[in-house]
Amino acid sequence: MPELPEVEVVRRGLERWTAGRTIASAEVLHPRAVRRHAAGPADFAARLAGRAVLPPRRRGKYMWLPLRDPEAGPGRDGAPAEALLAHLGMSGQLLVGEPGREREKHLRVRVAFTDGGHDLRFVDQRTFGHLLVADLAPDTYAHADDAPGAAKNGEGLVPEPIVHIAADPLEDAFDEEAFVRALRRRKTGIKRALLDQSLISGVGNIYADEALWRARLHWARPTETLTRAEALRVLEGAREVMGAALAVGGTSFDSLYVDVNGDSGYFERSLDAYGRRDEPCRRCGTPIRRDEFMNRSSYTCPTCQPRPRRARY
DNA sequence: CAAGATTCCTGGGGGC
DNA sequence: TGCCCCCAGGAATCTT
């Protein structure tokens, strides 16, 4: 399941393989893959054809390729106005490879480039992921002191459909104090808050459990009872675990999460809580417990992460 | 308005 | 061996 580290691995692959190239054409093989592009698949393809792609950017689990008109000469500020926005959902893959290779079974969108080199394919078995072309809007999380000239790569801009997505904890723009304040103002359980992308982005079910295990907090802990120190501990746990996962190429349980070259990450063996039902806690040896919550699994150590007397879901 | 429930989707795997 | 059912879960959209 692609969360922040997995998406970042893909973003880096795109940076290497697509930045600076010009799109020749795009082909939508399954309309559901572009369902959030309101103007429809034909408009989606038309907006990509002939555009050059700038280095990819990412916020949380979303990534985007700012688009530029290659013929735009001097006299304009050169700042991109639109971007190709992608979310991988549960099973989405962005793959780069030889144009002539066989079509993947769940190929949804194919993008060809004017140089005739490697193409870009969006493959998605469960079709929870999607692509769209969107206007770029000012980023409310951006620092005001961005370097001059940065705008030409779309810095300080974010696709309009994701302006409500909070900064992620690996961004410079992430405001720790604002996060702690917002978290403690909520009246819900800590895990639900971590999964709410408008508070902190990039955290999904796997890394939420890992961050909580590191912080020694139970998933049903009411946010309004968290101390400042506890809130910072969860944040630190999230940063550490996602940073460690990124360093080894992300987490992969099967062939559904892969980088742009189709290779899997190695972080699964390093998980401390997620998926470890009945296995000994790596801190204290107590068997890890699985609970059901929000129609998904939550894994905790009953000793290190005792259930609060007053639980919130 | 905020919190919680519902909804979309497909193939792998377990049970019988 | 085959079939049925459950399960995985991000986030928009809904209901309360």
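**Salt bridges in the predicted model**

A total of 30 salt bridges was counted, a salt bridge being defined as a side-chain nitrogen of Lys or Arg within 4 Å of a carboxyl oxygen of Asp or Glu. The structure is a predicted model, in which local features need pLDDT of at least 70 and side-chain atom pairs count only at pLDDT 80 or more, while totals for chains, interfaces and linings use all residues. Residues are numbered from 1 along each chain as its sequence is written, and side-chain values use heavy atoms, with hydrogens and water left out.

One of these contacts joins the side chains of E8 and R58, with an N to O distance of 2.7 Å. It links distant parts of the chain, E8 belonging to helix α1 (residues 4-18) and R58 to strand β3 (residues 57-59), 50 residues apart; helices (H or I, at least four residues) and strands (E, at least two) are DSSP runs, numbered from the N terminus. E8 is buried at a relative accessible area of 6%, and R58 is likewise buried at 15%, where buried means under 20% relative accessible area, exposed over 50%, and partly exposed in between (1.4 Å probe, protein chains only).

A salt bridge is also formed between R59 and D139, whose closest N and O atoms are 2.9 Å apart. Because R59 lies in strand β3 and D139 in the loop between β9 (130-138) and β10 (157-159), this pair ties together parts that are 80 residues apart in sequence. R59 is buried, with a relative accessible area of 3%, and D139 counts as buried at 15%.

Finally, E27, R101, R103, E104, R110, D119 and R121 are linked in a network of salt bridges.

How values were computed. Chains lettered and ligands numbered in written order.
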